[in-house]
Amino acid sequence: MTTKADKYIKKARKLRRLKRGKEKLKIAIITLLLAFVACIFLSPIVLTMTNSLMSQSEIKANYGQVFSTDANGGKTYISKQVELKFIPDMVSVSQYYTVLFKSADYLYKFWKSVILVVPIVIFQILVAVAASYGFYRFSGKLKTIIFFTYIILMLMPYQVTLVPNYLVAKGLGIIDTNWAIWLPGIFSPFSVYLITKYMKRIPVSLIEAAEIDGCNDYQVFSKICFPLSKGCMISCGILVFIDYWNMVEQPVIMYKDEADYPLSVFLSKINEGEIGLAFAVATIYMFLPLLIFLYGEDYLVEGISYQGGVKG
Amino acid sequence: MKIDLKKYRVKPKNYMDKKDAKSKRVSWLFLFPSLTGVMLFFLVPYFIIIFYSFIMNPPTDYSFVGFKNYFTVFNNAAFRTASLNTIKFTFLAVPLAVVIPLLLALLLDIKIPFKSQFRTAFLTPLMVPVASVVLVWQVIFHYNGLGNEILNSLNIDSVDWFNSEQALFVIVVLFLWKNIGYNMILFMAALGSVPRDLLEVAYLENASGWNIFWNIKFRYMTSTLLFVTIMSIINSFKVFREIFLLKGAHPTSYMYMLQTYMNNKFDALDHHLLSAAAIVMSIVMIIIIGVLFLLEGRVGKDIEEA
């Protein structure tokens, strides 16, 4: 026998089920939508990778006209469509073989990039950790002003900060050398800001306890602040690395000779005869940051989150 | 009996002072390398630039000319085109770079499967050097490329992407592709900091999704919103990389940005004009950032009172 109460309960259950079903549908739609957007996001990267496995002739057949220019330097409009292909007709690693073993030019540029970027990352972080400790302890009025100046400098676009950089480099006579890229990079205020923000979260009681136990200022740094900021240093290092691995502004201004450009600029100067290699070189060039991403995604995400400084 | 209080006063102050002074010196010592570098490469030359911007022709002629250099820069047709393009681009790209990642972050905040995979997918473009994907962009936005193919299938005429008004659209797309993930992470972090109990109460009270967003989540995100806006403006200047790698130092007037103008001024050795342009640019940046900070202070106060 069904009472009134039973009826209500049944009705309520039905409603809840309906609601749940709706919720599930909503989630499915959102997931599909996100998946679609994600695919679009990843497609240029995947395209570069798959196209690097094409043979020279296949690339020329597909994209030849994109990179060809007529005598006036303008584009030629051939009615034939440019074929965008995800999957090569025949997979071949011949492009990689050429890049890695035959055409030393690209390998040299790759090393040039490494040589430019790695010292900047390492020394910028080291200088920044020390500076952060300096900001962290004894924050006086003067230091607040200095820190504020750092923030403003950090927020300036490269085209502005490069003007002072360029003048000094010229004055020191280091223009056209790697130093013109290294030195401004090492002293860039970006990581100082990030690591200081992180260090300020270290509880003062920890420092006090260490001091009572007899740590002097150097030991407080080496035994507490430095080890505790390691995670932040790694995430900061990743952020600095991707920015400099991608550098265009600095080399274009600091080097007079195009032969000195690192791969981040040189890759676009690829000429028609070598477009077959272009995708392979591009893939090799993005391999390193993607590898770092694979292993350091959590660090990177953390680093970006610190930057936003929730309750900072 | 009268007790001489002075006699009993403990005097640790002096000792602490000494210790403080020493610690203070040490803290400056730690700051020293960075400070010297910043002074040498950024601050001191910056003052030289201010000086240069009022001078006839720095390396040879040091006569004072007042604001003449500024007028020269402002009257330059290339500078005007460049500023106009940059302003157009910034006003189009920055709001999109704030709203789209905010939406994505909110969607990822819902209980959906593959959350971390989506995060990875949106963040990957940040890692990829511009030089590596520029080839693909060229193929997509070529006159006979994929972009026009899609347009044609929708019965829209082909567009000359790089040599028409559409160039702006192309740069915005390239900018968004690279920066959405970064901003999304910032918003996700902010969403993560919204107190859970507040949200739970809202759910129990049957608050609508919009109400929860506007009255709770959004209020906790104002500082992040400001930060994302500032970072997007800063990063919007980095589209120079895409433009330079696509079209070199002399793109069509549709893509000629302030950054391109500055970049080309280096070659011309016009230090006085370059300096004036840099000063103008930095003043504009400082004003924008200052206004944003003031706005945030106002909104932030409003929340604290509420």
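Here are some numbered notes on this model, which is predicted.

1. Let's start with the overall build of chain B. Its secondary structure comes to 14 helices and 2 strands. The radius of gyration of chain B is 27 Å, well over the 19 Å that the globule rule gives for 306 residues, so chain B is more spread out than a compact globule. Its C-alpha trace spans about 105 × 75 × 35 Å along the principal axes.

2. Of its 306 residues, 39% count as buried. If you take the contacts in chain B between residues at least 6 apart in sequence, 72% of them join residues at least 24 apart.

3. The domain assignment may be handy if you plan to look at the chains piece by piece. Chain A is given domain 1 (4-51) and domain 2 (100-308), and the C-alpha centres of these two domains of chain A lie 41 Å apart. Chain B is divided into domain 1 (5-52) and domain 2 (71-305). For chain B, 39 Å separate the domain centres, again taken over C-alpha atoms.

4. Now to the contact between the chains. It takes 78 residues from chain A and 77 residues from chain B. Which element supplies the largest share of the side of chain B that touches chain A? That is helix H2 (residues 12-52) of chain B, with 18 residues. By class, this side of chain B has 57 nonpolar, 17 polar and 3 charged residues.

5. Leaving aside neighbours within four places in sequence, Phe118(B) is in contact with Leu34(A), Ala38(A) and Leu108(B). Phe118(B) and Gly181(B) are 63 residues apart in sequence, and their C-alpha atoms are 9.9 Å apart in space.

6. Within chain A, have a look at how two helices pack. Two packed helices are described by the angle between their axes and the distance between the axes. Helix H4 (residues 104-136) and helix H11 (residues 230-245) of chain A have axes that come within 9 Å and cross at roughly 145 degrees. The crossing of H4(A) and H11(A) is right-handed.

7. What does each helix bring to that contact? From H4(A) come Ser113(A), Val117(A), Ile120(A), Val121(A), Gln124(A), Ile125(A) and Val129(A), and they meet Met233(A), Cys236(A), Gly237(A), Val240(A), Phe241(A), Tyr244(A) and Trp245(A) in H11(A). Sorted by class, the contact of H4(A) with H11(A) has 11 nonpolar, 3 polar and no charged residues.

8. Gly303(A) itself lies in helix H14 (residues 275-308) of chain A, and with 24 other C-beta atoms within 10 Å it is buried. Setting aside neighbours within four places in sequence, Gly303(A) is in contact with Leu194(A), Cys232(A), Ser235(A), Cys236(A), Ile238(A) and Leu239(A). Cys236(A) is also one of the H11(A) residues that meet H4(A). The C-alpha atoms of Gly303(A) and Cys232(A) are separated by 6.4 Å, although these residues are 71 residues apart along the chain.

9. Is helix H8 (residues 190-199) of chain A largely enclosed or largely open? Of its 10 residues, 8 are buried, so H8(A) is largely enclosed by the rest of the structure. The buried residues of H8(A) are Phe190(A), Ser191(A), Val192(A), Tyr193(A), Leu194(A), Ile195(A), Thr196(A) and Tyr198(A). Leu194(A) is among the contacts of Gly303(A).

10. Finally, two backbone angles to check. Most residues other than glycine have a negative phi. Asp176(A), however, has a positive phi, near 75 degrees, and lies in the loop between helix H6 (158-172) and helix H7 (179-186) of chain A. Phe114(B) also has a positive phi, near 60 degrees, and its place is in the loop between helix H4 (77-109) and helix H5 (115-127) of chain B. Asp176(A) has 14 C-beta neighbours inside 10 Å and counts as partly exposed. With 14 C-beta neighbours inside 10 Å, Phe114(B) counts as partly exposed too.

Methods. Residues are numbered from 1 along each chain as its sequence is written. Chains are lettered from A and ligands numbered from 1 in the order in which they are written. This is a predicted model: local features need pLDDT of at least 70, side-chain atom pairs count only at pLDDT 80 or more; totals for chains, interfaces and linings use all residues. Two residues are in contact if their C-beta atoms, placed from the backbone, lie within 7 Å. Helices (H or I, at least four residues) and strands (E, at least two) are DSSP runs, numbered from the N terminus. Ala, Val, Leu, Ile, Met, Phe, Trp, Tyr, Cys and Pro count as nonpolar, Asp, Glu, Lys and Arg as charged, and the others, Gly among them, as polar. A residue is buried if 20 or more other C-beta atoms lie within 10 Å of its own, exposed if 12 or fewer, and partly exposed in between; C-beta atoms are placed from the backbone. Domain bounds come from an automatic or database domain assignment. The radius of gyration is taken over C-alpha atoms; the globule rule is 2.2 Å times the number of residues to the power 0.38. Axes are lines fitted to C-alpha atoms, for helices over the stretch in contact, and angles run from 0 to 180 degrees between N-to-C directions. A crossing is left-handed if the near helix is turned anticlockwise from the far one by less than a right angle, and right-handed if clockwise.
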